[in-house]
Amino acid sequence: GGSSEFADSVEKLLPLLFPGQKPEPLSPEHAVYKTGATKLGDVGYRNYARKTLGSAKGPKLQGIEKNGRVVCFYSREDLSAGLVGQPVDGIIGYDPRTATAIMSKIILYAAK
């Protein structure tokens, strides 16, 4: 649900999995957002997330790249609860429409 405890633990694990690398924010113009038939549209966050994140408007994905391709995507903001499509309160993450669009693009990007 976008908890800082989870994000902090992942951020400690990633350097063990990818020595010498750390996730870097992906530009809003990154190829992942352009993958598929259309570019990623407006990004929506859950109401609770907007209270915590303020006026965040664009996607906040991070990635670890190897040889010019992202090999690990990471998001402090929740995607999984958004995929369920339920209006759950207390989630710091994307709204269901945006979570589904981002995950679809990640899958299409990985398939290339």
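# A guided tour of the predicted model

Select Tyr45 and Tyr94 to begin: both residues are buried, where buried means under 20% relative accessible area, exposed means over 50%, and partly exposed lies in between (1.4 Å probe, protein chains only). This is a predicted model, in which local features need pLDDT of at least 70 and side-chain atom pairs count only at pLDDT 80 or more, while totals for chains, interfaces and linings use all residues. Residues are numbered from 1 along each chain as its sequence is written, and side-chain values use heavy atoms, with hydrogens and water left out.

**The aromatic pairs**

The structure holds two aromatic pairs. Rings of Phe, Tyr and Trp (its six-membered ring) pair if their centres lie within 6.5 Å; planes under 30 degrees apart count as stacked, over 60 as edge-to-face and the rest as tilted. The ring centres of Tyr45 and Tyr94 are 4.8 Å apart and the planes stand at 25°, so this pair is stacked. Tyr45 belongs to the loop between H2 and helix H3 (47-53) and Tyr94 to the loop between H4 and H5, so the pair ties together parts that are 49 residues apart in sequence. Helices (H or I, at least four residues) and strands (E, at least two) are DSSP runs, numbered from the N terminus.

Next, select Phe73 and Tyr109. Their ring centres are 5.6 Å apart with the planes at 80°, so the pair is edge-to-face. Phe73 is in strand S3 and Tyr109 in helix H5, 36 residues apart, and the pair links these distant parts of the chain. Phe73 is partly exposed, at a relative accessible area of 22%, whereas Tyr109 counts as buried at 4%.

Display the strands now. An open sheet of three strands runs in the order S1-S2-S3, with antiparallel pairing. S1 and S3 stand at the edges with a single partner strand each, so one side of each is left without a neighbour in the sheet. Two strands pair if DSSP finds at least two bridges between them; strand S2 (residues 62-66) and strand S3 (residues 69-74) pair over five bridges. Select Gln62, and its bridge partner in S3 is Tyr74; Gly63 stands opposite Phe73. At the hairpin of S2 and S3, two residues lie between the strands, and Asn67 takes a positive phi near 55°.

**The nonpolar cores**

A nonpolar core is a set of buried Ala, Val, Leu, Ile, Met, Phe, Trp, Tyr and Cys residues joined through side-chain atoms within 4.5 Å. In the largest core, of 16 residues, those that touch the most other members are Leu26, Val32, Tyr33, Leu61, Leu79, Tyr94 and Ile102. Helix H2 (31-34) and helix H5 (96-111) are the elements that give two or more residues to this core, and H5 gives the most, with four. Select Leu79: residues up to four places away aside, Leu79 touches Leu61, Tyr94, Ala99, Ile102 and Met103. A second, separate core of six residues includes Ala7, Val10, Leu14 and Ile64.

Which residues does His30 contact, leaving aside its neighbours within four places in sequence? They are Glu65, Val70 and Tyr109, contact meaning heavy atoms within 4.5 Å. His30 lies in the loop between strand S1 (24-25) and H2 and is buried, with a relative accessible area of 14%. A polar atom of the His30 side chain lies 3.0 Å from the backbone nitrogen of Val32.

Move to Asp78, in the loop between S3 and helix H4 (80-84). Asp78 counts as buried, at 6% relative accessibility. A polar atom of its side chain lies 2.8 Å from the backbone nitrogen of Ala81. The C-alpha atoms of Asp78 and Ile92 are separated by 6.0 Å, although the two are 14 residues apart along the chain. Beyond four places in sequence, the contacts of Asp78 include Gly1, Gly2 and Tyr94.

Finally, select Gly44, in the loop between H2 and H3. Gly44 is buried, with a relative accessible area of 11%. Its neighbours within four places in sequence aside, Gly44 is in contact with Tyr94, Asp95, Arg97 and Thr98.

Conventions. A polar contact is a pair of N or O atoms within 3.5 Å; within protein, one must be able to donate a hydrogen and the other to accept it, and residues adjacent in sequence count only if both atoms are side-chain atoms.
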